[in-house]
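Reader: Can you take me through this model? I would like the overall make-up, then the side-chain pairings.

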Amino acid sequence: METPLPASGRSLDFPLTVKMKLLALAPQFYVTDKRGRHIAYVKQKLFKLKEDIRIFSNEEQKNLLYTIAADRIIDFTASYSFEDARTGQDLGSIKRKGMRSLWKAAYEVHDAFGRPQYFVSEESAFTRLLDGIFSILPVISLFAGYVFNPSYLIKNTEGKTVMRLKKQPSLWEGIFKMEAFKPLPPADQQRLMLGLFMVIVLERMRG
């Protein structure tokens, strides 16, 4: 069953489940809502010096919904902007927190005016360390994706947790779940969803 992402002003049906093909040449994943309805297909364009992510209504890629684009060639201070492909509206952006991400992943989600609105942080630096160690070991690395599953907390400017992104145990595909803990305006849900898509792309080689 397929139900495209709702237009601005309508809420998403959390939790959302993101399933990623691990063996695909370009990162691509499928998004379903709480009822198991397919709401989006996300794909990264290949051979680009800057990250370029496209969000379609389905795998046929005929109906482009959103785009995510980097403001520079990939580095630790790049900012990734969200745009509504249907209206051309600037929806905000997400920025990785520089060198801090080497130890524990950290991002800022900005609104359309560039103001920090939400903060994404990895829950456990220890899980990141173990994942890095076991991922380079022969044979054992095959099971790292089932044992070590990073999770990320999303907090507002008051320091309250509003959402969580967690990788689920899986051997042959990457599965992430987005949970919402507090009611959020539809525009914020949309912005956070796009931001977390980008987090998954940037962190895809881990866990």
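Reader: Before that, what sort of model is it, and how are residues numbered?

Author: This is a predicted model, in which local features need pLDDT of at least 70 and side-chain atom pairs count only at pLDDT 80 or more, while totals for chains, interfaces and linings use all residues. Residues are numbered from 1 along each chain as its sequence is written, and side-chain values use heavy atoms, with hydrogens and water left out.

Reader: How many helices and strands does the protein have?

Author: There are 3 helices and 12 strands. Both are DSSP runs numbered from the N terminus: helices are H or I with at least four residues, strands are E with at least two.

Reader: And how much of the protein counts as buried?

Author: The figure is 48% of the 207 residues. Buried means under 20% relative accessible area, exposed over 50%, and partly exposed in between, with a 1.4 Å probe and protein chains only. The protein exposes about 10700 Å², and carbon and sulfur atoms supply 57% of that. Those areas come from the Shrake-Rupley method with a 1.4 Å probe; for residues, only the protein chains shown count as cover.

Reader: What share of the contacts is between residues 24 or more positions apart?

Author: Such pairs make up 40% of the contacts with a separation of 6 or more. A contact here is heavy atoms within 4.5 Å.

Reader: On to the core. Which residues have the most contacts inside the largest one?

Author: Met178 and Phe197 do, in a nonpolar core of 44 residues. Helix 3 gives the most to this core, with 10 residues. By definition, such a core is a set of buried Ala, Val, Leu, Ile, Met, Phe, Trp, Tyr and Cys residues joined through side-chain atoms within 4.5 Å.

Reader: What is Met178 in contact with?

Author: Leaving aside neighbours within four places in sequence, the partners of Met178 include Phe14, Leu16, Met163, Leu165, Met193 and Phe197.

Reader: Now rings. How many aromatic pairs are there?

Author: The count is 2. Rings of Phe, Tyr and Trp (its six-membered ring) pair if their centres lie within 6.5 Å; planes under 30 degrees apart are stacked, over 60 edge-to-face, and the rest tilted.

Reader: Why is the pair of Phe29 and Phe197 classed as it is?

Author: The ring planes of Phe29 and Phe197 stand at 65°, with centres 5.8 Å apart, so the pair is edge-to-face. It links distant parts of the chain, since Phe29 is in strand 2 (residues 28-32) and Phe197 in helix 3 (residues 186-202), 168 residues apart. Phe29 is buried at 1% relative accessibility, and Phe197 is buried at 0%.

Reader: And the pair of Tyr30 and Tyr41, why that class?

Author: For Tyr30 and Tyr41 the planes are at 50° and the centres 5.1 Å apart, so the pair is tilted. Tyr30 is in strand 2 and Tyr41 in strand 3 (residues 38-44), 11 residues apart. Both Tyr30 and Tyr41 are buried.

Reader: Which charged end sits over the ring of Tyr66?

Author: That of Arg86, 5.1 Å from the ring centre. The rule asks for NZ of Lys or CZ of Arg within 6 Å of the ring centre and within 35 degrees of the ring normal. Arg86 also forms a salt bridge with Asp84, the closest N and O atoms being 3.4 Å apart. Asp84 is buried at 3% relative accessible area, while Arg86 is partly exposed at 37%.

Reader: How many salt bridges does the structure hold?

Author: It holds 10, a salt bridge being a side-chain nitrogen of Lys or Arg within 4 Å of a carboxyl oxygen of Asp or Glu. Among them is Asp52 with Arg54, at 2.9 Å from N to O. Asp52 is buried at 12%, and Arg54 is partly exposed at 23%.

Reader: Where do Glu108 and Lys97 lie?

Author: Glu108 lies in strand 8 (residues 106-110) and Lys97 in the loop between strand 7 (90-96) and strand 8, so the pair ties together parts 11 residues apart in sequence. Their salt bridge is 3.2 Å, N to O.

Reader: Which residues are linked in a network of salt bridges?

Author: Asp13, Asp33, Arg35 and Arg37.
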